[in-house]
Amino acid sequence: LVAAVLSIAFGFVALGTPARATDTQPMNFILRYEAPAKNCGAKCRLLVVATGMITAETPRQFALFAKAHDLTGATVVLNSEGGSVDGAMALGRAIRQFGLDTTVGRVIDLKEQQQNTARAELSSDAECNSMCAFVLIAGLHRSVLPQARVMVHGIWLGDRRKDAQSASYSADDLALVQRDIGRLVQYTSEMDGSMEFLELALRIPPWGPMHRLTGPEVRSMRIDTDVNPSLAKAAEK
């Protein structure tokens, strides 16, 4: 039983090494207006572009960014390999508090700017890995286009993740893991997330490749609410 708990549960303590990194710098935020109009038409969005590792400081940085800008109706565009568990949950709760939408992507700045406003084309060729996926589900409405990659795996005690299978673990370690899993369960429930999604992330060994969520998984696990608008309405209540 202990071995099973260790192999599945250790993880919401520190990140393991991701299979593919997108940006190892701390997450930063920039504001862009979606363009060109021929692509998004009347639905061009205000984009909060969030790129890089989620750290313990990320929620504070986001709060400062939100204070300096009007984010009404904005969509948070995530491109991240994951990071801090506490940081990700705090960031997710802030995104939900502001009533923002989420998606996975990156922006390509346009050469021609209008009225000194930074405009960019949104590309879905991006990744949202590990704890980033839990930030993604914080969006009031969330979308994952087929080209975008959402990948999950278990995470591990930071000081032993390089040799996880041969390391030793104490009762205090187990208690810490149980506490963090409980907090993540609570968070996932708050975000109207799927327990199936949480269970899937828990059972992917951190020493192996991450699992890329398939189209059916993204839809059935409520990662993408655009395919079922009633899910978004439920989140708004």
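A disulfide is a pair of cysteine sulfur atoms within 2.5 Å. Cys 128 and Cys 132 form such a link, with an S to S distance of 2.1 Å. The model is predicted, and its protein chain averages a pLDDT of 82.

**Confidence**

- Of the residues in the protein chain, 77% score a pLDDT of at least 70.
- Residues 1–21 have a pLDDT below 50, and this stretch has 65 contacts in the model beyond near neighbours in sequence.
- Residues 229–237 also have a pLDDT below 50, with eleven contacts in the model beyond near neighbours in sequence.

**Disulfides**

- The whole structure contains two disulfides, and counting bonded cysteines along the chain gives the pattern 1-2, 3-4.
- Cys 40 is bonded to Cys 44, with the sulfur atoms 1.9 Å apart.
- The link of Cys 40 and Cys 44 is right-handed, with 80 degrees about the S-S bond.
- Cys 40 counts as buried because its relative accessibility is 13%, under the 20% limit.
- Cys 44, at a relative accessible area of 32%, is partly exposed.
- The disulfide of Cys 128 and Cys 132 has a torsion of about -105 degrees about the S-S bond, so this link is left-handed.
- Cys 128 is buried at 0% relative accessibility, and Cys 132 is buried at 0% relative accessibility.

**A three-stranded sheet**

- Three strands form an open sheet in the order β7-β9-β10, and their pairing is mixed.
- Strands β7 (127–129) and β10 (211–212) are the edges, each pairing on one side only.
- Strands β7 and β9 (residues 149–152) run parallel and are joined by three bridges.
- Asn 129 has Met 151 in β9 as its bridge partner.

**A buried threonine**

- Thr 102 lies in strand β4, which spans residues 101–104.
- With a relative accessible area of 1%, Thr 102 is buried.
- Leaving out residues up to four places away in sequence, the contacts of Thr 102 include Thr 75, Val 76, Ile 95, Val 135 and Leu 136.
- Gly 139, His 141, Arg 142 and Ser 143 are also among the residues that Thr 102 touches.

**Salt bridges**

- Side chains of opposite charge can pair when their charged atoms come close.
- The structure has ten salt bridges.
- One of them joins the side chains of Arg 96 and Asp 192, at 3.2 Å from N to O.
- That pair connects distant parts of the chain, 96 residues apart: Arg 96 is in helix α4 (residues 85–97), and Asp 192 is in the loop between α6 (171–190) and α7 (195–202).
- Arg 96 is buried at a relative accessible area of 16%, whereas Asp 192 is partly exposed at 29%.
- Another salt bridge joins the side chains of Asp 125 and Arg 149, at 3.1 Å from N to O.
- These two residues are 24 apart in the chain, with Asp 125 in the loop between β6 (119–123) and β7, and Arg 149 in strand β9.
- Asp 125 is partly exposed at 28% relative accessibility, while Arg 149 is buried with a relative accessible area of 12%.
- Glu 199 and Arg 203 also meet through their side chains in a salt bridge, at 2.9 Å from N to O.
- Glu 199 is partly exposed with a relative accessible area of 38%, and Arg 203 is partly exposed with 45%.
- Arg 106, Asp 125, Glu 127 and Arg 149 belong to one network, joined by salt bridges that share partners.

Technical notes
Residues are numbered from 1 along each chain as its sequence is written. Side-chain values use heavy atoms; hydrogens and water are left out. Two strands pair if DSSP finds at least two bridges between them. Helices (H or I, at least four residues) and strands (E, at least two) are DSSP runs, numbered from the N terminus. Buried means under 20% relative accessible area, exposed over 50%, partly exposed in between (1.4 Å probe, protein chains only). Contact means heavy atoms within 4.5 Å. A salt bridge is a side-chain nitrogen of Lys or Arg within 4 Å of a carboxyl oxygen of Asp or Glu. pLDDT is the predictor's confidence in each residue, from 0 to 100.
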